[in-house]
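Subject: Structure for your review

Dear colleague,

Please find below the structure that I am handing over to you. My notes on helix packing and charged pairs follow it.

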Amino acid sequence: MVSNHAGKSAMIPVIPVSADQSTLGDRPDTTGEPIVGVVSLFDVVSHAESLIASIPSPSSGSWEIGPLRLNAYGLMIALGAIAATWLMGRRLEARTWGTRDDASSIAIWAVPAGVVGARIYHVVTDWERFDGRFVDVFKIWEGGLGIYGGLVLGTLVGLWVAKKKGLSLGRTLTAVAPALPLAQAIGRFGNWFNQELFGRPTTLPWGLEISARKIPDGYEPGTLFHPTFLYESLGLVVVMFVLLQIDRRANLREGRLFLIYGIGYSVLRFFVEGLRIDPAKSAGGLRLNQWVSIVVFCSSVALLLALRRRDTSKA
């Protein structure tokens, strides 16, 4: 508002200028004025989708280092085992249940046993792929490890070593419970390098790219698939942190945490397995590993409840 020559006041009209109607140089100073518009969440998500678009797969499953060839699948398993051994050893020492050397001694036997058990499980449940090609049974670097078989044999051998070293079996199971999903979370990236065990086609922005030579029959090149390796890996990290929190906050008896791990992983695996499209035995509309997950879940819950009742009756 300003005064004119007649001593009267006059209003000067102000025309708002939008960001679309002006350039950076001729925009008025609007400091202190109310904000008249916001960027919608939809615009942000749409922009993020355009940036992500898809998850590429590695062009190779190995690296050449001079005359050596380093297989990514095996490296991921090794890194997972190292991380799990570190966490288990740290937990043993923190509670004065054992030492890091104890964890290493157990891992030296349990990890190879786990790999053997996982391979046996895969071969037995998918024998058609190996019938007449017995040599392929030993080509572990090409993929094909059944985690449930690895968990069974690896745990049994690990407990055998722990007993020989005079460690409490219940305490050993408690110490290793969060370490197992850590190892699995890292190891799952081996499937990414091998471009295997992915899920159904998807249009989601995090769909997984698969090279033409790896795409299953019936799918066009360029089709994106659910990255089930990533779903399971992230889910396993969540399982690990949940187990650590339960162990910290709840007053559980020795060994019970391992059963909770069995419950958590079986639920995760059931749903991730349902997305996969790789050939697998099935019955009743469920894949074999989904049925195994149901058995593991029910067995873990039943045993946990039975132990709780026993503990209550003793108290």
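Which residues in α8 meet which residues in α9? On the side of α8 they are T228, Y231, E232, G235, L236, V239, L243, I246 and D247, and on the side of α9 they are L257, I260, Y261, G264, Y265, L268, R269 and V272. By class, the residues of this contact divide into eleven nonpolar, three polar and three charged. Please bear in mind throughout that the model is predicted.

As to the geometry of this pair, helix α8 spans residues 228–249 and helix α9 residues 256–273; their axes come within 10 Å and cross at roughly 160°. Angles over 145 degrees count as roughly antiparallel, and α8 and α9 are therefore roughly antiparallel to each other. The crossing in which α8 passes α9 is right-handed.

From α2, the contact is made by M76, I77, L79, G80, A81, A83, A84, L87 and M88; from α6, by A179, L182, A183, I186 and G187. The residues of the contact of α2 with α6 comprise twelve nonpolar, two polar and no charged.

I turn now to the charged side chains. The structure holds eleven salt bridges. One of them joins the side chains of D247 and R91, at 2.9 Å from N to O. This pair links distant parts of the chain, since D247 lies in helix α8 and R91 in helix α2 (residues 72–94), 156 residues apart. D247 has a relative accessible area of 12% and is buried; R91, at 10% relative accessibility, counts as buried as well. D247 is also one of the α8 residues that meet α9.

A network of salt bridges links R269, E273, R276, D278 and R287. Within this group, E273 forms a salt bridge with R276, the closest N and O atoms being 3.4 Å apart, and both E273 and R276 are buried. The side chains of R287 and D278 likewise meet in a salt bridge, at 3.1 Å from N to O, and both of these residues are buried. R269, a member of the network, is among the α9 residues in the contact with α8.

With kind regards

Notes:
Residues are numbered from 1 along each chain as its sequence is written. This is a predicted model: local features need pLDDT of at least 70, side-chain atom pairs count only at pLDDT 80 or more; totals for chains, interfaces and linings use all residues. Side-chain values use heavy atoms; hydrogens and water are left out. Axes are lines fitted to C-alpha atoms, for helices over the stretch in contact, and angles run from 0 to 180 degrees between N-to-C directions. Helices (H or I, at least four residues) and strands (E, at least two) are DSSP runs, numbered from the N terminus. Angles under 35 degrees count as roughly parallel, over 145 as roughly antiparallel, 65 to 115 as roughly perpendicular and the rest as oblique. A crossing is left-handed if the near helix is turned anticlockwise from the far one by less than a right angle, and right-handed if clockwise. Contact means heavy atoms within 4.5 Å. Ala, Val, Leu, Ile, Met, Phe, Trp, Tyr, Cys and Pro count as nonpolar, Asp, Glu, Lys and Arg as charged, and the others, Gly among them, as polar. A salt bridge is a side-chain nitrogen of Lys or Arg within 4 Å of a carboxyl oxygen of Asp or Glu. Buried means under 20% relative accessible area, exposed over 50%, partly exposed in between (1.4 Å probe, protein chains only).
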